[in-house]
Amino acid sequence: METKVEFNLNADTFRWFDPENEEVLPLDGDYIIRYGNSSDPASLQSVRFTFRQ
């Protein structure tokens, strides 16, 4: 059985709150999304991408 899943990752997904300065900042960097039919790392596939604001 195969299931198609879609989700949007917009700029708000890659923000964090800096408590020292009390502001929300972008979290630029390289990311890996892992997916599969189990949480077993050996069975997961991955997609790599870079977020830059």
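A residue is taken as exposed when its relative accessible area is over 50%, as buried when that area is under 20%, and as partly exposed in between. In this predicted model, Lys-4, with a relative accessible area of 69%, therefore falls in the exposed class. Its salt-bridge partner is Glu-6, the closest N and O atoms of the pair lying 3.2 Å apart. Glu-6 is likewise assigned to the exposed class, at 64% relative accessibility.

Side chains of opposite charge can pair when their charged atoms come close. Besides the pair formed by Lys-4 and Glu-6, a salt bridge joins Asp-12 to Arg-15, for which the closest N and O atoms are 3.2 Å apart. Asp-12 is exposed, its relative accessible area being 55%, whereas Arg-15, at 31% relative accessibility, counts as partly exposed.

With a relative accessible area of 54%, Arg-52 is classed as exposed. Arg-52 and Asp-12 are separated by 40 residues in sequence and, from C-alpha to C-alpha, by 12 Å in space. When residues up to four places away in sequence are left out of account, the contacts of Arg-52 are with Asp-28, Gly-29 and Asp-30.

How values were computed
Residues are numbered from 1 along each chain as its sequence is written. This is a predicted model: local features need pLDDT of at least 70, side-chain atom pairs count only at pLDDT 80 or more; totals for chains, interfaces and linings use all residues. Side-chain values use heavy atoms; hydrogens and water are left out. A salt bridge is a side-chain nitrogen of Lys or Arg within 4 Å of a carboxyl oxygen of Asp or Glu. Buried means under 20% relative accessible area, exposed over 50%, partly exposed in between (1.4 Å probe, protein chains only). Contact means heavy atoms within 4.5 Å.
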